[in-house]
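Good morning, and thank you for coming. Please look at the structure as I bring it up, and follow along as I go through its parts.

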Amino acid sequence: MQWLALAARSAWNRRLTLGLTLAAVALSVTLLLGIERVRRDARASFANSISGTDLVVGARTGPVQLVLYAVFRIGAATNNIRWDAFRAIADDPAVAWSIPLSLGDSHRGFPVLGTTPAYFEHFRYGDRRALEFSAGAPFHGLFDAVLGAEVADRLGYRRGDRIILSHGIGGAGLPEHADKPFTVVGILAPTGTPVDRTVHVSLEAITAIHLDWQGGAPVPGFSIPPQYVRKFDLSPKEITAALVGLKSRAAVFRMQRRIDDYAGEPLLAVLPGVALDQLWEVVGTVERTLLAVSAMVVAVGLAGLVAVILAGLNERRRELAILRSVGARPGDIFLLLTVDGLIVTVLGCAVGVLMLAALTAAVRPFAQSHYGLGIHLQLLSLPELRLLGAVVLVGLVASLVPGYRAYRLSLADGLTPRL
Amino acid sequence: MRLSTLLIALALAVAGVAALPAEPPKHRVGDRLKQSNGGAKSGHNYQEIGWNALIPTGWDPAAPFRNMNLGALSDADVRANNALELMRKAWDEAPVEAGWNGQRVRIPGFVVPLERRDERVTEFLLVPYFGACIHVPPPPANQIIDVFPNEPVPNMRTMDAVWVIGPIEARRSEPKTSSDRRMGMGTAGYRMKAELIEPYKDR
């Protein structure tokens with residue numbers, strides 16, 4: 001064990017160069033683990049966003065795209081589906097419940113979802129969990145709104161506050177439905193899903209705020225005040241998508257076929273679980289590339305480490321020669337140099353893990369609010385441990401190189417009188 | 001120099017392992033899985049069965065067409081269309097074999113994931129042939145098993161081939177309303193609480 005102390009002391013003597021290489025290794029380890037963590041948490045986050053739904057129905061498009069805009073509010077619908085098409089599906093005897101979804105408006109960057117009270121009753125997330133209210137109740141009146149936890153939290157809304165919806169999805173500068181303000185009647189408990197970032201209103205309200213609009217803009221000189229909108233037919237004409245739950249899950253293929261073959265208009269029904277798998281297939285290539293790049297970065301870090309130790313060998317000839325003269329065997333020299341590299345690798349991994357923990361804690365609120373991505377505060381998971389193990393292993397193998405070289409040198413150096 | 005070559009090789013090896021391409025699909029649309037040896041196995045307290053065993057003996061979806069000369073009909077013929085409709089209905093109403101209720105079985109099939117907790121699958125449908133949900137007509141009700149694994153299954157993707165082992169439950173609930181009956185919408189079907197799920201390997 002004496003040589004371990006020796007190795008540590010010698011390393012301390014070269015703390016600047018070794019410290020820098022340690023930082024390089026630590027950074028590369030942070031990158032590698034960070035990518036792995038984001039990958040896993042993104043998947044879990046998506047998978048937890050929808051549960052209990054048998055089919056997602058929309059206009060004919062790609063299955064992945066349909067699930068992305070209908071469930072995760074990413075991207076926009078290419079087409080709507082007509083209300084009678086939805087009714088035909090909802091009235092099918094195989095269907096237990098159905099939730100119409102109407103998207104397209106927003107409130108200060110948060111998407112607005114037009115739906116029915118069935119949403120609060122049947123929508124499930126995570127492990128078949130139902131939505132809960134932290135305050136208030138589902139909407140009843142025409143201009144009532146229910147906020148997701150995040151919306152209420154970030155914009156500081158409470159029950160009874162009045163909000164104005166904007167037409168379209170995006171940042172500032174959107175035309176506003178200023179003449180028809182909504183009242184906040186309920187706030188949902190946090191779910192960690194896109195629901196948190198959504199403003200929920202009734203389908204009739206969506207029709208009502210667009211009564212006096214034509215082609216995406218208010219008609220000049222023509223305005224219908226809120227007190228008169230009830231005189232109009234507010235039954236929805238179109239919706240963006242629908243979530244469907246069946247009485248028997250085994251009937252899902254038949255129902256899917258029936259919806260796909262619907263004669264009235266081209267529709268698409270997808271099983272959310274299958275669509276997610278398709279999404280991962282697409283994203284998987286990118287993930288593997290990222291992982292490969294970060295593995296390369298780790299390799300570069302370790303190569304730097306080996307280079308530093310090798311370069312230091314020349315300066316340490318005297319040190320090694322003295323060690324030899326006081327009785328260190330060439331094998332000891334070999335061990336000494338190998339442990340040198342291993343210590344830096346292990347320390348680098350440890351520092352990397354700590355940096356990752358700090359980084360996760362710092363980035364978490366931002367990822368949650370901007371991307372709806374729930375990142376877990378967790379020190380290490382099993383796949384991460386496996387990656388770390390691989391890094392240490394490669395570090396060990398790489399450290400054998402300077403060890404072997406010192407071993408050879410110390411043999412030769414011991415015989416040459418010149419120092 | 002040898003060292004640098006070694007290092008580059010090392011780096012490439014690490015990157016190569018990380019960049020391993022996804023496995024190409026092993027099955028083609030419509031493929032079915034073979035039994036291991038067929039029949040019951042002694043020494044285990046489950047019975048290995050094939051998908052045909054789940055079809056009640058005597059159920060014949062083609063019965064309504066026995067007296068029809070299908071070959072003589074053209075595709076545009078109304079009777080052909082009606083026959084197809086009848087066929088589809090018979091398919092939808094496919095009865096279950098009640099004899100399997102409560103039996104512990106082992107059966108191979110393809111996975112269609114339904115529910116996930118984090119990344120693990122907590123409920124899936126087991127279907128007899130590859131691509132059942134996408135390209136080919138849906139299997140009849142008695143050829144689908146709604147599987148609830150006792151332990152959530154990690155790394156499970158659509159159309160993975162697996163063996164599932166556990167007690168099977170044959171549910172023969174009668175249609176509730178007259179309109180349900182007319183549409184053939186009883187919720188009959190098989191369910192299983194899977195005790196064990198193993199990847200399917202050709203032997």
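I begin with the domains. For chain A, the assignment gives domain 1, covering 2–46 + 280–415, and domain 2, covering 55–270; such bounds come from an automatic or database domain assignment. Taken over C-alpha atoms, the centres of domain 1 of chain A and domain 2 of chain A are separated by 50 Å.

A word on conventions. This is a predicted model, in which local features need pLDDT of at least 70 and side-chain atom pairs count only at pLDDT 80 or more, while totals for chains, interfaces and linings use all residues. Residues are numbered from 1 along each chain as its sequence is written, and chains are lettered from A and ligands numbered from 1 in the order in which they are written.

Let us turn to the helices. Helices (H or I, at least four residues) and strands (E, at least two) are DSSP runs, numbered from the N terminus. Helix α2 (residues 15–48) of chain A packs against helix α9 (residues 272–315) of chain A at an angle of about 170°, and their axes are 9 Å apart. Here axes are lines fitted to C-alpha atoms, for helices over the stretch in contact, and angles run from 0 to 180 degrees between N-to-C directions. The angle therefore makes α2(A) roughly antiparallel to α9(A). For reference, under 35 degrees counts as roughly parallel, over 145 as roughly antiparallel, 65 to 115 as roughly perpendicular and the rest as oblique. The contact of α2(A) with α9(A) has 19 nonpolar, 7 polar and 4 charged residues. In this scheme Ala, Val, Leu, Ile, Met, Phe, Trp, Tyr, Cys and Pro are nonpolar, Asp, Glu, Lys and Arg are charged, and the others, Gly among them, are polar.

At what angle do the axes of helix α3 (residues 63–71) of chain A and α9(A) cross? They cross at roughly 110° and come within 9 Å, so α3(A) and α9(A) are roughly perpendicular to each other. On the α3(A) side, the contact is made by P63(A), V64(A), V67(A) and V71(A); the residues from α9(A) include P272(A), L276(A) and V282(A). Two residues are in contact if their C-beta atoms, placed from the backbone, lie within 7 Å. By class, the contact of α3(A) with α9(A) has 9 nonpolar, 1 polar and no charged residues.

Next, the strands. Two strands pair if DSSP finds at least two bridges between them. Strand β3 (residues 95–107) of chain A runs antiparallel to strand β16 (residues 241–246) of chain A, joined by 6 bridges, and V95(A) has L246(A) as its bridge partner in β16(A). Strand β4 (residues 110–115) of chain A is also antiparallel to β3(A), with 4 bridges. β3(A) and β4(A) form a hairpin with 2 residues between them, and R108(A) in the turn has a positive phi of about 45°.

Finally, two single residues. R73(A), in the loop between α3 and β2 (81–82) of chain A, has a positive phi near 60°, although R73(A) is not a glycine. Is R73(A) buried or exposed? R73(A) counts as buried, because 21 C-beta neighbours lie inside 10 Å. A residue is buried with 20 or more other C-beta atoms within 10 Å of its own, exposed with 12 or fewer, and partly exposed in between, with C-beta atoms placed from the backbone. P181(A), in the loop between β10 and β11 (182–188) of chain A, is partly exposed, with 16 other C-beta atoms within 10 Å.
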